[in-house]
Amino acid sequence: MKNTVALFVTLALLPWQAASADMADAVKSPKGYGSKDYVWGKLLPEQVEVLRRSGDLARGKEAFRGCRGCHKADAAGVTDGTYPRLTGQHASVVIKQVTEVRGGVRINPKMEPFSAEHAISPQEIADIAVFLESAETTRENGKGEGDFVARGKKLYEQGKCMKCHGINGEGKAEKAYPAIAAQHYGYLKREMDYIQRGVRGNSHPDMVKAIRHYSHRDIEAMADYLSRMPDYRQSLAERKGQ
Amino acid sequence: MRLILHRMRRSGQIALAALISGLLLCPACALAQAVPLQERLQLCAACHSPDGNSLIPENPNLSGLDPDYIVRQLHDFKSGNRKSAVMSGIIPMVDEKEFAALAEFFSRQKPNPGGKSDAKLAAQGREIYDEGIVGSAVPACSGCHNDDGSGTDKYPRIAGQHSAYVVQQLLGFKNGERANDVKAVMRAVAKRMNEKEIRAVAEYVVTLKGAQE
């Protein structure tokens, strides 16, 4: 009897525990999207400082040690999408995201203690950004079921997504639009969901608008499609070769 | 001697025991006064062994630790920034001018890994060490301390460290008793772990060999 009760309580708590671990960063940021003074892309003073420094690849690889525990040595994260794949991400995007987490614009309690001012210096952010931009991995990323790829492609290309993130999912380095090709399915799905609900603190208002009318299914289909794209660097090289 | 110290610690008279043992070993250095390295080492050796591979699991191995890390720990014991009932009884006797030579000496001693370990717990610990705990956002220890526990100048060597000491330090980081980690990252790591996970990972750490020359 005791065992049955214990089992019941455990089972009842399970979904809650899973949800609470996952939703820890799904909170509205007081300085971010939806707040009165939020302007997408407004440079924080620290971001300006980091952008002004020139990064060094070897130093960046060493500084990235403090991040490897989650993002792994090849920066490819964890395939279930708990930790994103950062391999090949634009330096401008890395700098924007890290400084905006530090500035409290994007809320990320899992990462915060390891990316805070006491843990890495502005110079190290610049160094890490250079390292990530050129990082390579041999690991496959986490992919969706593959059932709705065609639908995902159509939604991605006919909606407004492609305008900013590109036909190869390559993003735009000069605007700090992230590369999203070959990202983990689970991560793509989660972030799209956060953006739709206005709880990703540094969302672009146009992105929130663009994704607003998509259903849960639509989002899954697009995440599936994007997760099955090759690394954008490979796509761009192939296009050049043609 | 070791046995006596061990019993005294157990009975709670830690600081006193440390002080008395220090006085016995080195009657002239009750107050910080620089003495030659060889003389000072006798004091440290009582607990950390002459080659820095201590025989008492609560006393950490010092062999192969980064010299700057050792110096920083000694300063932190001295200032009270790192609390330890035992070391706080010892450190007043040591002059800060001696720290560099002591650190240099212990960092050059050859580690002697291969302590006893519970194989079943160590297997669970290995998973945590290499992969972290995804559900509770515990980063993999290997990310910072290296796969083999050899560490770097920023992240201390932990390979082959006594599991009792590792457990005690992780619990200390977790409850904030040890709060001298410069980057505060060890506190962030340990806070996300429960005691069972801490014990498991410590059983794995003791089996690590570190970089072999």
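User: How much space lies in the largest cavity?

Analyst: About 100 Å³. Keep in mind that this is a predicted model.

User: How many cavities of 30 Å³ or more does the structure hold?

Analyst: There are 5 of them.

User: OK, helices. At what angle do α10(A) and α11(A) pack?

Analyst: About 100 degrees, and the axes are 8 Å apart. In chain A, α11 is residues 205–212. Angles of 65 to 115 degrees count as roughly perpendicular, so α10(A) and α11(A) are roughly perpendicular to each other.

User: Which residues meet there?

Analyst: From α10(A), A:Met192, A:Ile195 and A:Gln196; from α11(A), A:Met207, A:Val208, A:Ile211 and A:Arg212. By class, this contact has 5 nonpolar, 1 polar and 1 charged residues.

User: What about α10(A) and α12(A), at what angle do they cross?

Analyst: Roughly 140 degrees, with the axes coming within 9 Å. Here α10 covers residues 185–196 and α12 covers residues 216–227 of chain A. The two helices are therefore oblique to each other.

User: Is that crossing left-handed or right-handed?

Analyst: The crossing of α10(A) and α12(A) is right-handed.

User: Which residues meet in that one?

Analyst: On the α10(A) side they are A:Tyr185, A:Leu188, A:Lys189, A:Met192 and A:Gln196. The α12(A) side has A:Ile219, A:Glu220, A:Met222, A:Ala223, A:Asp224, A:Leu226 and A:Ser227. This contact divides into 7 nonpolar, 2 polar and 3 charged residues.

User: Switching to chain B. How are α7(B) and α11(B) set, and why call them roughly perpendicular?

Analyst: Helix α7 (residues 119–131) and helix α11 (residues 195–205) of chain B cross at roughly 95 degrees, and their axes come within 7 Å. That angle falls in the range of 65 to 115, so α7(B) and α11(B) are roughly perpendicular to each other.

User: Which residues meet?

Analyst: Among those in α7(B) are B:Leu121, B:Arg126 and B:Tyr129, and the α11(B) partners include B:Glu197, B:Arg199 and B:Tyr204. The residues of this contact divide into 8 nonpolar, 2 polar and 5 charged.

Methods. Residues are numbered from 1 along each chain as its sequence is written. Chains are lettered from A and ligands numbered from 1 in the order in which they are written. This is a predicted model: local features need pLDDT of at least 70, side-chain atom pairs count only at pLDDT 80 or more; totals for chains, interfaces and linings use all residues. Side-chain values use heavy atoms; hydrogens and water are left out. Axes are lines fitted to C-alpha atoms, for helices over the stretch in contact, and angles run from 0 to 180 degrees between N-to-C directions. Helices (H or I, at least four residues) and strands (E, at least two) are DSSP runs, numbered from the N terminus. Angles under 35 degrees count as roughly parallel, over 145 as roughly antiparallel, 65 to 115 as roughly perpendicular and the rest as oblique. A crossing is left-handed if the near helix is turned anticlockwise from the far one by less than a right angle, and right-handed if clockwise. Contact means heavy atoms within 4.5 Å. Ala, Val, Leu, Ile, Met, Phe, Trp, Tyr, Cys and Pro count as nonpolar, Asp, Glu, Lys and Arg as charged, and the others, Gly among them, as polar. On a 1 Å grid over the protein atoms alone, a cavity is a set of points where a 1.4 Å probe fits but cannot get out, and a pocket is an open set with protein on both sides within 12 Å along at least five of seven lines; lining residues have an atom within 4 Å of a point. Grid points are joined across faces, edges and corners, and a volume is the space filled by probe spheres set on the points.
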